[in-house]
Amino acid sequence: MTSNKKSVSESVKNLEKPVDLTPENLKEIHNLMVQGRVLEERLVKMSKMGEGYFWIGGPGEEAFNVALGLLVDKGHGPDKDFIHLHYRNSALMLALGAPPIDAIRQMKNVETDPYSGGRNFVNHYAKPEWNVVPVSSCIEPQHSQAIGTAHAQSQGRGKGISVVIGGDAGTAEGDFATALVWASRPVNPLPLLVICTNNYAGISTPYSGQHGETEIADRGRAFNVESRKTDGNDVWNVYEALQTAINYVRKERKPYLLELDVSRLHGHSSASGANRVTNEADCVESFEKELEKIKILSPKEMDKIREDWQESILNDLKQVRTEPGPDPHSIFDHVYADKNGDKGRDTLAAQIGLDYAADTAAHFAAKKLKAKKG
Amino acid sequence: MATVAQAIRMALAHAEDNLELKDVFGEDVGPPLGGAFTVTQGLKTSWNSPLDERGIIGMATGLGLAGSRCVAEVQFCDYIFNTIDLLKLAGNACWTSMGQYPMPITVMTPVGSGIHGSVYHSHSFDSKMVQIQGWKTVMPSNAYDAFGLMLAAIKDPNPVMFLKPKALLRAKGKKLIPGEPKNAKELKKMIDMPVTKEEQAKWRPKFPKLTDPEIEIGKAYKYQEGDAATVVAWGRMQPIVEDITNKFKSERDIYLDVIDLRTIYPYDWDAIRSSVERTGRVIFVNEDTEVCNFGEHLIRRTCDELFYSLNVRPRLIAGKNVPGVGLSPILEESTQPQPWHVEKEILSLVEEPA
Ligand SMILES: Cc1ncc(C[n+]2csc(CCOP(=O)(O)OP(=O)(O)O)c2C)c(N)n1
Ligand SMILES: [Mg+2]
């Protein structure tokens, strides 16, 4: 067994991969990538079947997401890494240890959605235990916020860094420049890793017509920010690129800009149909080919892994179908921080005008009855 | 007596020592200037930010996400408009995350007219700010409240917008902050930055030990009890209302019921309701533009809930609904409510037959 492992590891090295990943690493990465892909495929299906209103996510970004999820220093507070996500990072959350059922809960906007209680779109995470700050649909302000967590980290003795992720089109927003300007100030450089996932599109607008710069990574060079553009689809390549960048930021306490080429395998979102595209690189497919070639996993084993996740995630959905929606009167909760168990309720807002929530339960019950009869 | 600017500065110094305030920042907030209105002179944690308001609000939000307390400044509220979505995000982080990410930050910004500030130094922000939910918004009208409300803002685990009426920043208080030296000259010597570069190089402020008056956000201040009519004002309009109140009392034997709202949101409805139920007459006075003015909301609520207590129609005094405040004093006085407008309208409210 041991000798077998060694020979596999050697064969990996022999392929001159940029980073040495053990068979265990590779199997773990593969498992997470497949889990992520299956989850996203389920979420897409849910949107098509009316089991959720809107889908946006990251099929095609699993190699990058899983590698990053495994490489960050996960935990709570400024000594650990802060993570400011885009809306295509489901596989990163899985790599951190999030159960797929929670994404399904958010997709179905049920009360048990631990990230937003049925308030936000799918893939809009928030998890303070892991410093995953709330994701917003608004493009790019996470870059303006990430300088704040990085600033808090620059004040302490800890080694925590902030990581912020955004798309290529979003770099046109001022917030992208804000991150570079504030993180590179000579009086107080910030431990901030800025990652641009470049899928060469913003919804329907092609990259080619909108960017005068040769590459997005060039923007960093103007601020003397260490910058690099590379492929985000190849597991070994993206793992090495992220490891190098993270180590640099952690050690030097300075910013780094990493531009990664990635794919968008189901288009922009459910609004554009979310159908599978075939003309873009598929990181799961190419990784599986490679794993077969270097004899880490056989096609049969990989099929089994996929089928197991499909079954398990379908069971998750069946469970979520039994879970209730949010309480209509909860709309005023958590407007503010909880104070002595008051759930942060905005009691003033609740006093103003008509009480719509009073009718909501009856309205939904009638709707359900009508649907049943129909 | 401390000025409003000095009071805020002392509150910030007090919070650095007692409330874990770690960062006070914004454009020209740190040395050498210490703020466009001297509010941040001599502080330990103040620093100059890039000229980037979105970055300032984003930085504050990120600090809040990391659980750190800060006071960020936008140099004039006229320049805060490009941060609206960032303010919205700071205001909804707690709500969208079901309470998992409270946002314990304070943003301060000078507001309003009265210094010949023309188009870009005269805007108000109170009526816009109340539309950004999840925030609390306060606006003091005097030095004592400025001190107490700033401490309340910093202590609050929620985002608080602290609006500084810029025409009042140099106004001296009438009520001593607990622990404040009685002699204004002495205070000036202790905490105002000297004028010459040589003096500045050696200068260290000596902030007096003050006691937190524990002003509650959400509680209005009753300036005077009376039965003639309810007057609700805030910020720069409050001292104007106070002068009129005193004049009416001494010259006309009219006793107004005067409420300094202090907190714009969540506002003290109990204070307004109990007063209007008694007087049956009410006027709301502020200087933001009058269409969709916050005072209009208060009138709507008055009509919804207190309609049958009213003897006469409720009134609003606010700024004219034009794109800006013109530089010429002729234009400014025709745009922004002046003491004589307020006086005339209060008198008409009091004298209208029921
Ligand atoms: C500030 C803002 N403007 C517009 C939109 C609508 N919108 C949603 S996604 C998107 C394109 C984003 O493209 P990119 O940054 O490349 O990210 P990608 O979706 O390709 O990952 C747009 C315009 C938005 N959400 N936020
Ligand atoms: Mg894109």
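## Terms and basis of the model

A salt bridge is a side-chain nitrogen of Lys or Arg within 4 Å of a carboxyl oxygen of Asp or Glu. By this rule, a search of the whole structure finds 44 salt bridges over all chains, and the count between domain 1 of chain B and domain 2 of chain B is two.

The model is predicted, and local features need pLDDT of at least 70, side-chain atom pairs count only at pLDDT 80 or more, and totals for chains, interfaces and linings use all residues. Residues are numbered from 1 along each chain as its sequence is written, chains are lettered from A and ligands numbered from 1 in the order in which they are written, and side-chain values use heavy atoms, with hydrogens and water left out.

## Domains of the two chains

The domain bounds come from an automatic or database domain assignment. Chain A is divided into domain 1, residues 2-321, and domain 2, residues 332-373. Taken over C-alpha atoms, the centres of these two domains of chain A are separated by 35 Å.

In chain B, domain 1 covers residues 4-202 and domain 2 covers residues 221-351. The C-alpha centres of the two domains of chain B lie 26 Å apart.

## The interface between chain A and chain B

Which numbers of residues does each chain give to the contact? Chain A gives 45 residues and chain B gives 42 residues, where contact means heavy atoms within 4.5 Å. The size of an interface is often given as the accessible area lost when the parts come together. Buried area is this accessible area (1.4 Å probe) that two parts lose on being put together, summed over both. For chain A and chain B, the buried area is about 3500 Å², with 64% of it on carbon and sulfur atoms. On the side of chain A, Trp182(A), Tyr336(A) and Leu348(A) lose the most area to chain B, together 19% of what that side buries.

One salt bridge is found across this interface. The side chains of Asp175(A) and Arg54(B) meet in a salt bridge with an N to O distance of 2.9 Å. The elements that give two or more residues to the side of chain A that touches chain B are β1 (82-84), α6 (141-155), α7 (174-183) and α12 (347-351) of chain A. Helices (H or I, at least four residues) and strands (E, at least two) are DSSP runs, numbered from the N terminus. The largest share of this side, nine residues, comes from α6(A). The residues of the side of chain A that touches chain B comprise 22 nonpolar, 16 polar and seven charged. Here Ala, Val, Leu, Ile, Met, Phe, Trp, Tyr, Cys and Pro count as nonpolar, Asp, Glu, Lys and Arg as charged, and the others, Gly among them, as polar.

## The interface between the domains of chain B

Within chain B, 31 residues of domain 1 are in contact with 27 residues of domain 2. These two domains of chain B bury about 2200 Å² between them, 52% of it on carbon and sulfur atoms.

Lys128(B) forms a salt bridge with Asp288(B), and the closest N and O atoms are 2.8 Å apart. Across the interface of domain 1 and domain 2 of chain B there are 14 residue pairs in polar contact, both at pLDDT 80 or more. Elements giving two or more residues to the domain 1 side are α4 (126-129), β5 (136-138) and α5 (143-155) of chain B. The residues on that side divide into twelve nonpolar, 13 polar and six charged.

## The surroundings of ligand 1

Ligand 1 is surrounded by 16 residues, a residue being near if one of its heavy atoms lies within 4 Å. The closest are His86(A), Tyr87(A), Arg88(A), Ala169(A) and Gly170(A). A polar side-chain atom of Tyr87(A) lies 2.6 Å from an oxygen atom of ligand 1, and a polar side-chain atom of Arg88(A) lies 2.7 Å from an oxygen atom of the ligand. From Ala169(A), a backbone N or O atom lies 2.8 Å from an oxygen atom of ligand 1.

## Local features of the backbone

Pro31(B) and Pro32(B) are joined by a cis peptide bond with omega of about 10°. Pro32(B) lies in the loop between β1 (21-26) and β2 (46-48) of chain B.

Definitions and conventions:
A polar contact is a pair of N or O atoms within 3.5 Å; within protein, one must be able to donate a hydrogen and the other to accept it, and residues adjacent in sequence count only if both atoms are side-chain atoms.
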